[in-house]
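Below is a briefing on one protein model, arranged by topic. Cut-offs are given where a term first comes up.

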Amino acid sequence: MLKEILGKEGVCFSVEKEEAEEFLLLAKSNGCKWISGKAIEEGDYCGRFMGISKDLKLGYMSAMCWVKAENPVKKIKFSELRRGL
């Protein structure tokens, strides 16, 4: 499911604090790993803005990049995605 959302470019997500665990579980269950290549583990921290690349690498994104990105970036509120799950 996540690969369909990511498409060819990847996606940036805004994640509320109470959604962090669910977001990381979804990412892990879809084959994502941290940008370093490390597996997502229980207890890992999720930031407010997260990016997932088309090759399923997960990383933090700054608020400045979320708001001021020069190139158009596909942005999804995780809370809206959750409603469709």
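The whole structure holds zero disulfides, a disulfide being a pair of cysteine sulfur atoms within 2.5 Å. The model is predicted, so local features need pLDDT of at least 70 and side-chain atom pairs count only at pLDDT 80 or more, while totals for chains, interfaces and linings use all residues. Residues are numbered from 1 along each chain as its sequence is written, and side-chain values use heavy atoms, with hydrogens and water left out.

**Cysteines**

- Cys46 has its closest cysteine sulfur in Cys32, at 11 Å, which is too far for a bond.
- Cys46 is buried, with a relative accessible area of 6%; buried means under 20% relative accessible area, exposed over 50%, and partly exposed in between, with a 1.4 Å probe and protein chains only.
- For Cys65 the closest cysteine sulfur belongs to Cys12, and the distance of 8.6 Å is again too far for a bond.
- Cys65 is partly exposed, at 41% relative accessible area.

**Sheet**

- Five strands form an open sheet in the order 2-4-3-1-5, with mixed pairing. Strands here are DSSP runs of E with at least two residues, helices are runs of H or I with at least four, and both are numbered from the N terminus; two strands pair if DSSP finds at least two bridges between them.
- Strand 2 (33–34) and strand 5 (75–77) are the edge strands, each with a single partner, so one side of each has no neighbour in the sheet.
- Strand 1 (11–14) pairs with strand 3 (residues 49–52) in the antiparallel sense over four bridges. Within this pairing, Cys12 stands opposite Gly51.
- Strand 3 and strand 4 also run antiparallel, joined by three bridges, and here Gly51 stands opposite Gly59.
- Four residues lie between the strands in the hairpin of strand 3 and strand 4, where Leu56 takes a positive phi near 65 degrees.
- Strand 2 and strand 4 (residues 57–60) run parallel and are joined by two bridges. Trp34 has Leu58 as its bridge partner in strand 4.

**Nonpolar core**

- The largest nonpolar core has 22 residues, of which Phe13, Phe23, Ile52 and Leu58 touch the most other members. Such a core is a set of buried Ala, Val, Leu, Ile, Met, Phe, Trp, Tyr and Cys residues joined through side-chain atoms within 4.5 Å.
- Helix 1 (2–6), strand 1, helix 2, strand 3 and helix 4 (78–83) each supply at least two residues of this core. Helix 2 gives the largest share, five residues.
- Leu58 is in contact (heavy atoms within 4.5 Å) with residues including Phe23, Leu24, Ala27, Trp34, Met50 and Ile52, leaving aside neighbours within four places in sequence.

**Aromatic rings**

- Five aromatic pairs are found in the whole structure. Rings of Phe, Tyr and Trp (its six-membered ring) pair if their centres lie within 6.5 Å; planes under 30 degrees apart count as stacked, over 60 as edge-to-face and the rest as tilted.
- Trp34 and Tyr60 make a stacked pair, with 5.6 Å centre to centre and 25 degrees between the planes. This pair links distant parts of the chain, as Trp34 in strand 2 and Tyr60 in strand 4 are 26 residues apart.
- Trp34 counts as buried at 10% relative accessibility, whereas Tyr60 is exposed at 52%.
- Phe13, Phe23 and Phe78 are linked into a cluster by ring pairs.
- The charged end of Lys75 sits over the ring of Trp66, 5.1 Å from its centre. For this, NZ of Lys or CZ of Arg must be within 6 Å of the ring centre and within 35 degrees of the ring normal.

**Ser14 and Glu19**

- Ser14 is in strand 1 and counts as buried at 7% relative accessibility.
- Beyond four places in sequence, the contacts of Ser14 include Glu19, Arg48, Trp66 and Phe78.
- Ser14 and Lys57 are 43 residues apart in sequence and 16 Å apart in space, C-alpha to C-alpha.
- Glu19 lies in the loop between strand 1 and helix 2 (20–29) and is buried, with a relative accessible area of 2%.
- Not counting residues up to four places away in sequence, Glu19 touches Ser14, Phe78, Ser79 and Arg82.
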